[in-house]
Amino acid sequence: MVVSTRNLVLEYRLGAETLRVLDIPSWDLGDGEQVAISGPSGSGKSTLLNLVAGLALLTSGSLVVCDHDVTRLSEAERDRFRAAHLAYIFQTFNLLQGYTAIENVLLGAAFGPVRADRASATALLERVGLGARLRHLPAEMSIGEQQRVAVARALVKRPQLILADEPTGSLDPRHAAEVVALLRDACRERGCALVVVTHETSIAAAFDRRLDFRELNRALATPGGAP
Ligand code: ADP
Ligand code: MG
């Protein structure tokens with residue numbers, strides 16, 4: 001199991017008020033499993049990914065990710081855990097603007113245990129169809145190409161799990177479908193689990209397993225919970 005959570009609750013304190021954003025009775029993701037999560041804006045999808053990545057702390061409940069009880073890790077341990085096991089892909093790529101495609105891919109492994117060399121980074125960029133763009137800066141690539149660099153950067157550290165938060169939100173429908181197909185194939189080849197958050201039904205439809213966040217997150221049904 002890559003992710004296993006029970007009675008996961010996340011609340012924010014806003015003065016005297018408590019805002020319950022997440023209340024997830026149970027959710028599991030198996031090794032190498034792929035799932036699309038969709039749901040309304042503000043329903044807590046990004047918050048859940050942040051918890052899984054150890055970027056935020058839950059209020060109560062259990063959460064085990066890649067055999068680590070993330071609720072028991074210190075902040076420094078969570079940083080190391082994230083670098084070793086997970087990769088994140090964002091809507092806006094987060095490529096470093098002053099670095100070429102191949103340098104951005106190499107930086108993806110900079111804090112993890114896997115050593116990446118130029119040969120493996122080149123092979124990954126070839127795998128995502130950018131063999132002729134190795135020395136291009138982000139500004140010299142199309143949006144779709146930049147997102148494919150972000151996919152290669154996520155894969156280079158050989159993660160057990162990739163978390164992709166609206167990865168196609170900046171792409172037109174054709175490139176969106178291409179990037180997601182690439183991501184899914186590459187994860188399948190490597191036995192890497194994949195969570196894609198998307199509000200695009202055409203993207204979610206490609207996945208065998210789809211989760212409606214309104215069914216997963218009980219906080220959405222509770223008065224005083226998230227909208
Ligand atoms: P989604 O990704 O589904 O659009 P988010 O996970 O970003 O939703 O946000 C879920 C809810 O949590 C929103 O209602 C948002 O306003 C609230 N929220 C996020 N961060 C904070 C914070 N630091 N303090 C209080 N509320 C927050
Ligand atoms: Mg979000």
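## Close-up views: a helix pair and a ligand site

**View 1. Helices α5 and α6 cross in a right-handed sense.** The model shown here, as in the views that follow, is predicted. Helix α5 covers residues 143-155 and helix α6 covers residues 173-190. Two packed helices are described by the angle between their axes and the distance between the axes. For this pair, the angle is about 15° and the axes lie 10 Å apart. Because an angle under 35 degrees counts as roughly parallel, α5 is roughly parallel to α6.

**View 2. Here are the residues through which α5 and α6 meet.** On the α5 side you will find Gly 144, Gln 147, Arg 148, Val 151 and Leu 155. Their partners in α6 are Val 179, Leu 182, Leu 183, Ala 186 and Arg 190. By class, the residues of this contact divide into six nonpolar, two polar and two charged.

**View 3. Ligand 1 is shown with the residues that surround it.** Tyr 12, Leu 14, Leu 19, Val 21 and Pro 40 are among them. The surroundings also include Ser 41, Gly 42, Ser 43, Gly 44, Lys 45, Ser 46 and Thr 47.

Methods:
Residues numbered from 1 in each chain as written. Chains lettered and ligands numbered in written order. Predicted model: local features only at pLDDT ≥ 70, side-chain atom pairs only at ≥ 80, totals over all residues. Heavy atoms only, no water. Axes fitted to C-alpha atoms, helices over the stretch in contact; angles between N-to-C directions. Helix = DSSP H or I, 4+ residues; strand = E, 2+ residues; numbered from the N terminus. Parallel < 35°, antiparallel > 145°, perpendicular 65-115°, else oblique. Left-handed = near helix turned anticlockwise from the far one by under 90°. Contact = heavy atoms within 4.5 Å. Nonpolar A, V, L, I, M, F, W, Y, C, P; charged D, E, K, R; others polar. Near = heavy atom within 4 Å.
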